[in-house]
Amino acid sequence: MKYKSQAVAKLYFIAAIGLFLGQILFGLIMGLQYVVGDFLFPAIPFNVARMVHTNLLIVWLLFGFMGASYYLIPEESETELFSPKLAIITFWVFLAAGAITVLGYLLVPYASLAKWTGNDLLNTMGREFLEQPLPTKVGIVLVALSWLFNIVMTVLKGRKTAISLVLSLGMLGLAVFFLFSFYNPVNLVKDKFYWWWVVHLWVEGVWELILGAMLAFVLIKVTGVDREVVEKWLYVIITMTLVTGIIGTGHHYFWIGAPAYWQWWGSVFSALEPIPFLMMTIFAFNMVNKRRREHPNKAAVLWALGTSVMAFLGAGLWGFLHTLAPINYYTHGTQLTAAHGHLAFFGAYALVVLTMISYAMPVLRGRAANPERAQIMEMWSFWLMTISMFFIALFLTGAGVVQVWLQRLSPTPMSFMAVQDQISIFYWAREAAGVVFLIGLLLYIGSFFVKGDSHAFE
Amino acid sequence: MSATFTKSMARNVFYGGGVFFFLLFLALTFDTMKVLPKRDNSQNITPAVAHGKKLWETNNCIGCHTLLGEGAYFAPELGNVYTRRGPDFIKAWIKGQPTGVPGRRQMPQFNLSDADIDDVVAFLKYASEINTNKWPPNIEG
């Protein structure tokens, strides 16, 4: 690696992969509970497993984003990180907070956890994805500020590139919009309205800036294409992200009590949200086709191209599938939402973090690329995880379509639980695909331990 | 992309577009907040409703159920459960959990007092009277 301080990224990447494994194990528990309802009950009720599953996802992605920025910002800025020590302290604080929170979910009844952690002082808990106790939420703010501070100070003392600017803006947005997690009015409509300012403006807004910056960085490195070209693309893509995605928030405002005009604003703008993802796909393939060098890390190129395709499918296409108000009227809150959620989070965010790890980790371990055999194993893990996640999305889509028909469209609508019995075959298939995903992930972890002749730096 | 469209032009379009659409979003939000009282049933928020919402949150109900279509998709929609089942059924249901039927999805026992359960029901009644543009399509949620 070019700068000593980049080494802190390694800690973050290892933690990210570990938590990723945890997320998948809890996903498998939940998947089984969908068909064997009393599995692990009452030790791990579904709601607890789900909290652990989604919170681990958010935390490992944040670890990934942080590790990625500590790696790429020194290289972009052509200077050492402002404070590697702060980055290391932040890492341990975040890891400890995350571990204690997950243990709290698993070992303490949620209501007691709320009581003990000061939820009476300020009610913030018990909302989807924002289940964290108050001290954890404060901790997340502090960690995000420490991260932002470290990165911005590094950028300020060194070279300023579009990639580091966009990444910093994305981080700033991440920190700012998380503050809405502290606003929880009794008025349910307002609660839901501003809840989306965290959730939607994160994943369909500022996180896409971070995603774009990370992808652009890796593409410059592995293709050797001129920075001017890559950064121009980056700006155009994230312009489309914000132009479509901000008003696109409206697609969550159709049925929660907000005025009906959001059906127009939300439908029109969110129907355009696939555009930036399509551009990202074209961009990634274009850059790889115009490459000026053959980078020995073929696995990283595969992850990068995979990110662009799967993000388009998951976030773009599967989002579009149910984003128009007249369709969403029937699909809102069904397994179709779950299908989209899985493919989008995996395709856009899980894959971009894995892309970054795939590129950076060999360098952090003192080589340009991993041995051939390790790369082949890593590429196998890419295909296993990607294809099985695609099948998870397909099965959940099947479940969702039948659910919509039986419960909402049919002239004789069935009750929710009766419908769930009818679609259990899809849930079994999803669980099987989930097992293949786990095998893919284990193979991925295994690829770090494969020995052989690695590629030295040129 | 063509050479006449430079990186600094792209950057300016990014800033301009981002700021413009964020301001538009703020304007729509401002209007939404203004008309919301006509739709959000907030006139019926009593201390019981407020306490019911807190119980809803501190028992992580959203971890299995949806409420106005948002949440987990493991258990039935509860935004309209008040109209679907009525208060007495809901109370008996919460008290009777878990059913313990082998292989069936289980809802935990939350050990709520009768007064607490009344408040949860008050919250669900309030939620069922929000103007949701006629969602869900039918009573099954």
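The model is predicted: local features need pLDDT of at least 70, side-chain atom pairs count only at pLDDT 80 or more, and totals for chains, interfaces and linings use all residues. Residues are numbered from 1 along each chain as its sequence is written, while chains are lettered from A and ligands numbered from 1 in written order.

Chain A has 16 helices and 0 strands. Helices (H or I, at least four residues) and strands (E, at least two) are DSSP runs, numbered from the N terminus. Along the principal axes, the C-alpha atoms of chain A fill a box of roughly 70 × 45 × 45 Å. Of the 458 residues in chain A, 60% are buried (20 or more other C-beta atoms within 10 Å of the residue's own, C-beta atoms being placed from the backbone).

The largest nonpolar core holds 181 residues. Such a core is a set of buried Ala, Val, Leu, Ile, Met, Phe, Trp, Tyr and Cys residues joined through C-beta atoms within 7 Å. Leu219(A) and Leu234(A) have the most contacts inside the largest core. Helix α7 (residues 188–223) of chain A gives the most to this core, with 24 residues. Leu219(A) touches Val225(A), Val230(A), Ala284(A), Met287(A) and Ala304(A), leaving out residues up to four places away in sequence. Contact here means C-beta atoms, placed from the backbone, within 7 Å.

The contact between the chains splits as follows.

| Chain | Residues in the contact |
|---|---|
| Chain B | 58 residues |
| Chain A | 62 residues |

On the side of chain B that touches chain A, α1(B) gives the most, with 14 residues.

Methods:
Buried ≥ 20, exposed ≤ 12 C-beta atoms within 10 Å, placed from the backbone. Contact = placed C-beta atoms within 7 Å.
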